[in-house]
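Subject: Structure handover and notes

Hello,

Please find the structure below, followed by notes on what was found in it.

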Amino acid sequence: MKLPDIGSNNRHGVMAVGVLAGAVGSAVTGLLLVSAAWAALSLLIGRFPFRVTRSDGILLLSASLYSLIGVCLMLVNLETGTTDGGRLASKAVPLLMFLTVWLLLPRLRASSAGLLQAFISGASICGLLALPPAIWQSGYLGIRAEGFAGNALPFALICCLFGVISLLNITSADIWRRTLGWCGFIASLACLFLSGSRGLLPVPFAGLCVFALFFRSAIGRYWNLQGLILSIVVIAALSVSAIYNAGRLEALYGMAMGAAREESLSSRLLLWNHAWSLFCDRPFLGYGIQNRLSRIAETGLTYSHFHNGYLTVLVDSGIFGLVSLLLLLASPVIIALRAPSDNARRHRIFAAVALSSTYAFGGLTNFIFGHDIYDSVFLWGAIVIAASVPRSPENPFWPYRQEE
């Protein structure tokens, strides 16, 4: 029996990220670690050479910088808090996971054809597989939908991100792929409503507007009866999913109209004020990720982060950590914009903007990195975007190898 070649494995692997993310959650992290381990073994036995391109260096540098700054500032802050070895290791290992880009990029570079399209196809399936458990959890169990992510927040981000990327299927000439794109977007949007995550609600609607600007011809074909029917389906799906979280949406509307703050907002304001005062005390070195819980406990609350990704990293790693975080968030967009022009250029730019902006906007009310699903989904997306940039005279391989 002939085993699949490396190109098929790469395409199936990146497609599985979208397929599994919403329905299985941490399976995406397992896929990342197993793929990195297999890539390391393949490099050792010479199955493919270690070669990356000049544009890949942007992601390699930013991911390494974010990882190493976090670890270094943990060590710098050993004297300010816990010295428990187990706790230190549990905080350092997730940071070191960002170094898997050094293994996965050459692996995907060994056969990068069709990677971006496979990733986009998987994104459409994400919401379709996640919606049934989301309906069951919200409608039957009466809880905020979390799929099998273990938490409503990463579930919401996953569905939000892959729902927006799913829109790229609408540009296809094949009607089945266009249908898949719309269904994936609508299903992901319904999952977002069922999760009750209000902080991400503007993102898919903004994504749809940006998509309409990027691909006006793809949207233009729906100014007809077919588009009217599609609009009715979208409105109906959103209305039904919103009903299950009417209480949280009403609370948000009430606060906008000047009503008393709900408990969750009051807690976040307390966390933000405390985080800012901590940052002002140690603006450059922070307190180390291992000491975050003890600093939060000073407020009398038991959260695992400051419910703002930027304030969280400022407390953890100071200004150096924030700069490395912003560079990492921006790296997919920088890579996509600097890439040589090819047939996938606009798709790559839109996917990069969707990835970076979803994380950047979500970080205003929640964490950005520090959860295995958040970290692995971002890494997969950034690696696929980088690896899909074609090699060219302007984007040569490194180390350079004379072509025969």
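With which residue does Asp-56 form a salt bridge? The partner is Arg-109, and the closest N and O atoms are 2.8 Å apart. A salt bridge here is a side-chain nitrogen of Lys or Arg within 4 Å of a carboxyl oxygen of Asp or Glu. Asp-56 lies in helix H3 (residues 56-76) and Arg-109 in helix H5 (residues 101-109), so the pair ties together parts that are 53 residues apart in sequence.

Before the rest, the basis of the values. This is a predicted model, in which local features need pLDDT of at least 70 and side-chain atom pairs count only at pLDDT 80 or more, while totals for chains, interfaces and linings use all residues. Residues are numbered from 1 along each chain as its sequence is written, and side-chain values use heavy atoms, with hydrogens and water left out. Helices (H or I, at least four residues) and strands (E, at least two) are DSSP runs, numbered from the N terminus.

Salt bridges

The count comes to 4 salt bridges. In the pair above, Asp-56 is buried at 0% relative accessibility, and Arg-109 is buried too, at 9%. Buried means under 20% relative accessible area, exposed means over 50%, and partly exposed is in between (1.4 Å probe, protein chains only). Accessible areas come from the Shrake-Rupley method with a 1.4 Å probe; for residues, only the protein chains shown count as cover.

Another of the salt bridges joins Arg-292 and Asp-316, with the closest N and O atoms 2.5 Å apart. This pair links distant parts of the chain: Arg-292 is in helix H14 (residues 292-297) and Asp-316 in helix H15 (residues 309-338), 24 residues apart. Arg-292 has a relative accessible area of 13% and is buried; Asp-316 is buried at 4%.

Glu-298 forms a salt bridge with Arg-295, at 2.9 Å between the closest N and O atoms. Is Glu-298 buried or partly exposed? Its relative accessibility is 44%, so Glu-298 counts as partly exposed, whereas Arg-295 is buried at 17%.

Aromatic residues

The structure holds 17 aromatic pairs. Rings of Phe, Tyr and Trp (its six-membered ring) pair if their centres lie within 6.5 Å; planes under 30 degrees apart count as stacked, over 60 as edge-to-face and the rest as tilted. Phe-98 and Phe-369 have ring centres 5.3 Å apart and planes at 75°, so this pair is edge-to-face. The two residues come from distant parts of the chain, 271 residues apart: Phe-98 is in the loop between helix H4 (85-96) and H5, and Phe-369 in the loop between helix H16 (345-362) and H17. Phe-98 is buried at 1% relative accessibility, and Phe-369 is buried with a relative accessible area of 8%. Phe-369 also pairs with Phe-378; the centres are 5.1 Å apart and the planes at 70°, so this pair is edge-to-face as well. Phe-378 is buried, with a relative accessible area of 0%.

Two arginines lie over ring faces. Arg-51 is over the face of Phe-397, at 4.3 Å from the ring centre, and Arg-282 is over the face of Tyr-287, at 5.6 Å from the ring centre. The criterion is NZ of Lys or CZ of Arg within 6 Å of the ring centre and within 35 degrees of the ring normal.

Helices and surface

Helix H17 (residues 372-387) has 16 residues, and its end C-alpha atoms are 22 Å apart, which agrees with the 22 Å it should span at 1.5 Å a residue. The expected span is 1.5 Å times one less than the number of residues. H17 is mostly covered, with 15 of its 16 residues buried.

In helix H4 sits Leu-88, which is buried at 17% relative accessibility. The C-alpha atoms of Leu-88 and Gln-290 are separated by 6.0 Å, although the two are 202 residues apart along the chain.

Val-76, Phe-284, Leu-285, Ile-319, Phe-320 and Val-323 make a nonpolar surface patch of about 500 Å². Patches are made of residues with over 30% relative accessible area and no salt bridge; like charges are joined within 9 Å and nonpolar side chains (Val, Leu, Ile, Met, Phe, Trp, Tyr) within 5 Å. H15 gives the most to the nonpolar patch, with 3 residues. Phe-320 is found in H15 and counts as partly exposed at 43% relative accessibility.

Regards
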